[in-house]
Amino acid sequence: MTDPTTDSGRTPRSETLDYKSAGVDIEAGNRLVRKIAPSIARTPRDGVLGGVGGFAGLFRLGGDYRDPVLVSGTDGVGTKLLLARDLGDHSSIGIDLVAMCVNDILTCGAKPLFFLDYYACGKLDVDAAAAVVDGIATGCEQAGCALIGGETAEMPGLYAPGHYDLAGFAVGVVERDQIIDGSAIDEDCVLLGLSSSGAHSNGFSLIRKVLDAAGGVAANPTQARSLLMPTQIYTASVLPLLGKHDIRGMAHITGGGLAENVIRVVPDELGVEIDPSLWRAPRIFQWLAATGHIAPEEMLRTFNMGIGFVLIVPRTDVAELSEALIESGDEVPVEIGRVVRPEPGQPRVRMLGQ
């Protein structure tokens, strides 16, 4: 006989279930939308149609282009999110998210147009999420693109309390005949490096192991804050150069470091020589290497080591291009290597001094 206090013996009638009791607070999501509206309003751009709250973001490309090609990129921030959580500071992690996407599409010569984000968590912390989105808006301002939409997903049971994950999606545009794809790179080209702001958003699984071995964030607050420094966004420095200077290839230095990223844009028959002695790595990398007893080759393979973006240009254009960057006040480029034709059987990437 069924207990009269239950429904078929399954759920007590006194327990009325709803979405909030299952861990999803719809009203918290609505509060977040209201709270982030001013942040999104800071990123206007010609072409944006509609506002926040619809099912999709709208963007009108317009008739300013002859043969436009849309360029898209997506990325996340990785376990740097855990450092932000440990420090209780979510204000700049959104800049990292934008940077990782727009720096990628910039390598093709594309101008960022708009950005969307995806924020997933176990339980929505409105203030933390709002800080993240405000950082995303700041990144969009720096990149010159519009934040036209996003998604917040509350998934109890999938993410531990206090944890969240991020993904970003950037779309840009470039004229088809102005795409930079590395095909014009030859042996007369050199590599010009633009400085990073620190570790950017790569290698944080190793970074966190070093921090833990050194006593954690509490024992190393200066280093932890330095490591949280947001990823440099290079669009304001590089976009004005395009069409005015002979830039034949560009590389965003992310996971894999200089060795694995620069070669991605170099023609298959060519290689590169990179000389790490030509620039001084920021102190934070020296601290990581010394504290974690990390070998030099592992440092170069994991981190950007102070070079976040590389331009590949003919040697004859180096002086003029460098002067333009210095005059802009944004960058002081450094020549870090050159394009070579490797001998048969030799590696395409040679890190001098290794």
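Glu-187 and Arg-341 are joined by a salt bridge, with their closest N and O atoms 3.0 Å apart. The two residues link distant parts of the chain, 154 residues apart. The model is predicted: local features need pLDDT of at least 70, side-chain atom pairs count only at pLDDT 80 or more, and totals for chains, interfaces and linings use all residues. Residues are numbered from 1 along each chain as its sequence is written, and side-chain values use heavy atoms, with hydrogens and water left out.

**Salt bridges**

- A salt bridge is a side-chain nitrogen of Lys or Arg within 4 Å of a carboxyl oxygen of Asp or Glu; by this rule the count comes to 13.
- Glu-187 sits in the loop between β8 (164-175) and β9 (189-195), and Arg-341 in the loop between β13 (334-340) and β14 (349-351). Helices (H or I, at least four residues) and strands (E, at least two) are DSSP runs, numbered from the N terminus.
- Asp-134 meets Arg-42 in a salt bridge through their side chains, at 2.6 Å from N to O. Asp-134 belongs to helix α4 (residues 126-143) and Arg-42 to the loop between α1 (26-41) and β3 (48-49), so this pair ties together parts that are 92 residues apart in sequence.
- Lys-80 forms a salt bridge with Asp-96, and their closest N and O atoms are 2.9 Å apart. Because Lys-80 lies in helix α2 (residues 80-87) and Asp-96 in helix α3 (residues 93-106), the pair ties together parts 16 residues apart in sequence.

**Exposure of the paired residues**

- Buried means under 20% relative accessible area, exposed over 50%, and partly exposed in between (1.4 Å probe, protein chains only).
- Lys-80 is buried at 0%, and Asp-96 is buried at 0%.
- Asp-134 is partly exposed at 30%, and Arg-42 is partly exposed at 31%.
- Glu-187 is partly exposed at 43%, and Arg-341 is partly exposed at 45%.

**Nonpolar cores**

- A nonpolar core is a set of buried Ala, Val, Leu, Ile, Met, Phe, Trp, Tyr and Cys residues joined through side-chain atoms within 4.5 Å.
- The largest core has 77 residues, and Phe-115, Val-310 and Ile-312 have the most contacts inside it.
- A second, separate core has 16 residues, including Tyr-234, Ile-247, Phe-309 and Leu-321.
- Contact means heavy atoms within 4.5 Å. Leaving aside neighbours within four places in sequence, the residues in contact with Ile-312 include Ile-185, Cys-189, Asp-246, Arg-248 and Val-339.
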